[in-house]
Amino acid sequence: MASTSSIGPLPSKTADLEETWAYLSGGVDLIMNRLETGLSFPDYTNLYTTVYNYCTSTKMTGKQDSNRTGANLVGSDLYSKLHAYFADHFKPMIDTCESLQEVELLRYYAAQWARYTTGANFLNRLFIYLNRYWVKRERDEGKKTVYPVYTLALSQWKDVFFKQVQKDHQKLTTAVLRLITQQRNGETIDQSLVKKVVDSFVSLGLDSSDLNKECLEVYKEHFEGPFLEATEEYYKKESESFLAANSVSDYLKKVEDRLREEEDRVERYLHNKTRKELISKCDDVLIRQHSDLMWESFQNLLDFDKDEDLQRMYALLARIPEGLEPLRKKFEQHVKTAGLSVVSKLIEAGENTGDVDPKAYVDALLEVHRKNSETVARSFKSEAGFAASLDKACREFVNRNAATGTSSTKSPELIAKHADMLLRKNNKMAEEEDLEGALNRVMVLFKYLEDKDVFQTFYTTKLSKRLIHGVSASDESEASMISKLKEACGFEYTNKLQRMFTDMSLSKDLTDSFKERMAQNHDDMDITFSIMVLGTNFWPLNPPPHEFVIPQEILPTYDRFSKYYQTKHSGRKLTWLWNYSKNELRTNYLNQKYFLMTSSYQMAVLLQYNRNDTMSLDELVTATSISKDILSQVLALLVKAKILVNEEKDQYDLNPNFKSKKIRVNLNLPIKADVKAESADVLKAVDEDRKYVIQATIVRIMKARKTMKNQSLIQEVISQISQRFAPKIPDIKKAIETLLEKEYIERVDGSKDTFAYVA
């Protein structure tokens with residue numbers, strides 16, 4: 001600071017306005033124009049004291065207003081002098097600006113703004129007494145155009161200097177916008193200069209009713225509005241010319257870069273409240289106006305697995321309303337087409353739909369799901385809409401494809417057969433890969449099945465065969481699969497499956513206790529025997545449709561067990577399932593002893609040759625009571641294995657020269673009649689179950705609602721059952737008629753289509 005006074009001697013306490021202002025104006029001028037030369041502390045103190053003395057002086061100047069005190073009038077005069085000073089201060093600046101353009105104008109403006117606001121801050125502290133008392137009192141009395149000194153300085157800058165410069169085709173705004181355009185074109189600009197000018201626009205916004213409140217009026221009118229218009233025009237031209245010469249993929253990268261630049265621009269030199277408007281404008285010009293082109297190119301990106309481009313397109317279109325919906329629809333169609341195509345190729349590779357390999361079928365469907373599921377996760381960030389599109393498409397091609405034709409039961413059947421193969425012993429698939437993982441993948445397809453009850457019935461049938469024949473891979477795997485089904489469909493769905501395991505455990509205990517009793521009472525029993533007693537309600541097994549003559553060799557054991565079971569469970573009826581039983585026979589008529597693994601029907605045929613060397617078809621039918629159709633297939637297997645010889649029509653001889661490389665010979669192979677019957681039985685069982693499920697659902701609904709109109713009842717039934725299978729409306733109507741006949745429900749008097757529950 002200067003050590004000697006540069007603004008003259010201090011006026012007396014009683015100095016008038018002219019003398020006071022003559023002294024103060026020197027200090028004000030130094031502060032506003034030559035502050036860098038320095039202002040001594042004594043000078044600053046003298047200036048402050050002069051303002052204080054004058055504002056507290058009771059000396060009156062000018063005409064007195066009866067409602068005003070002297071202090072008020074003195075403050076008013078001083079305020080007017082400052083007001084006039086600021087107005088004069090801008091005259092040379094306005095002249096200078098007329099000759100400046102572009103960057104030079106902005107540099108001059110920014111430098112003057114910095115000097116002016118620094119000086120105004122000093123003056124604000126110097127005239128603090130004026131602010132605190134006179135200005136405050138004036139504003140409290142409603143004079144909102146009277147401001148504290150610093151705000152007065154800004155107001156004068158805006159009204160006298162800023163607006164004058166802007167009159168010339170918005171000279172400042174145009175210069176700033178040209179710099180921003182240069183930066184968008186890749187040129188390097190002085191960003192700090194832009195920030196200084198833009199910040200001044202923000203500072204010039206004054207809310208006269210609340211000076212502390214941010215007011216963006218000047219910023220919005222003189223900068224933000226023109227800036228957004230320029231942005232729209234710039235990007236409209238750029239996007240059109242870029243797309244004319246480049247691919248959509250390249251355009252997506254360009255837009256991504258541009259949006260990042262605009263976000264950065266806000267951070268560097270724009271007001272934060274411009275962000276929303278700016279980004280909205282960019283989204284509209286760069287994305288929405290070209291969204292049709294993006295939607296059209298989406299399929300191409302999917303077809304060629306352009307993951308990065310898909311991610312960009314998703315991220316960009318997610319920014320505009322309804323931008324993703326067309327993509328979701330196209331993605332759904334893409335997945336559906338892929339699923340249908342892969343099954344069609346599978347069918348073309350085989351001879352017909354009847355020969356579809358369950359493993360190949362399941363693998364093909366899973367591959368389509370896996371690939372597109374990864375796309376949803378990676379490219380679409382697992383967005384719920386795309387996940388729903390994937391599910392919808394999968395549900396469509398899993399249930400209706402070239403392998404299923406018009407049948408709704410084929411897909412559940414093939415998936416259940418695949419699960420059966422996975423869960424069998426010596427399964428190569430289980431050896432090659434993790435069985436638990438394979439079962440989880442089966443469940444992926446299971447959730448898309450519409451007719452889950454068909455899967456359940458096939459699965460139950462296959463499980464019963466695995467348990468009866470002891471070919472399950474492991475109890476742990478069986479339990480794991482049942483647990484997965486229970487989690488997906490609830491306890492009712494798996495109740496029967498769990499009861500089947502209970503029966504197997506009880507049967508083992510029953511066999512052991514029977515053997516123990518026989519060992520005590522019958523030492524002549526030379527047949528190894530084990531039994532399975534299975535609950536009729538839980539096992540999908542049907543007794544043979546014909547009589548069966550029990551061979552005399554096993555008759556004693558049969559009788560003994562029947563009596564033993566009746567002593568333990570009086571009143572229970574045993575139905576013997578000879579069509580599922582299996583036996584082991586030992587040959588005694590050959591030099592080499594063989595063990596033949598047979599079905600009960602094969603056993604019944606072969607035991608006839610203990611007493612005969614040759615038998616006709618009719619004799620065998622009489623001896624066994626097996627139907628001729630089934631017996632012919634049984635005999636065909638025995639002839640093929642060369643146990644029997646069929647040289648004359650319908651005449652079968654025991655082959656005395658039978659030879660085999662294996663000591664244990666498995667003859668127990670499925671016959672066509674069994675395979676055909678299994679599918680037919682399953683579908684018949686499904687139809688029966690559905691009738692009862694629909695009836696039970698109607699009763700449950702009516703019990704809760706008491707009365708209901710026909711259409712509403714049908715819709716509610718569909719809603720409740722659709723998780724298990726897709727009910728047909730004629731079946732629901734038939735069930736309603738049945739329940740009317742059984743008097744579970746009744747028609748409401750005077751209304752044909754309203755039903756009431758009968759308690």
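**The second largest pocket**

Analyst: Two helices, α28 (672-705) and α30 (729-741), each supply at least two residues of the lining of the second largest pocket. Helices here are DSSP runs of H or I with at least four residues, numbered from the N terminus. Helix α28 gives the largest share of that lining, 7 residues. The pocket holds about 460 Å³ of space. Its lining has 21 residues, and D687, R690, I694, K728 and D731 are the closest to its centre. By class, the lining has 9 charged, 7 nonpolar and 5 polar residues. Here Asp, Glu, Lys and Arg count as charged; Ala, Val, Leu, Ile, Met, Phe, Trp, Tyr, Cys and Pro count as nonpolar; the others, Gly among them, are polar.

A word on the source. The model is predicted: local features need pLDDT of at least 70, side-chain atom pairs count only at pLDDT 80 or more, and totals for chains, interfaces and linings use all residues. Residues are numbered from 1 along each chain as its sequence is written, and side-chain values use heavy atoms, with hydrogens and water left out.

Pockets and cavities are found on a 1 Å grid over the protein atoms alone: a 1.4 Å probe fits in a cavity but cannot get out, while a pocket is an open set with protein on both sides within 12 Å along at least five of seven lines; lining residues have an atom within 4 Å of a point. A volume is the space filled by probe spheres set on the points, which are joined across faces, edges and corners.

The structure holds 2 cavities of 30 Å³ or more. The largest cavity has a volume of about 50 Å³. Helix α2 (residues 41-56) gives the most to its lining, with 3 residues. The lining residues of the largest cavity include L10, P11, T50 and Y54.

The largest nonpolar core has 152 residues, and F86, F127, W157, F223 and F455 have the most contacts inside it. Helix α5 (residues 102-126) gives the most to this core, with 10 residues. A nonpolar core is a set of buried Ala, Val, Leu, Ile, Met, Phe, Trp, Tyr and Cys residues joined through side-chain atoms within 4.5 Å. Buried means under 20% relative accessible area, with a 1.4 Å probe and protein chains only; exposed means over 50%, and partly exposed lies in between.
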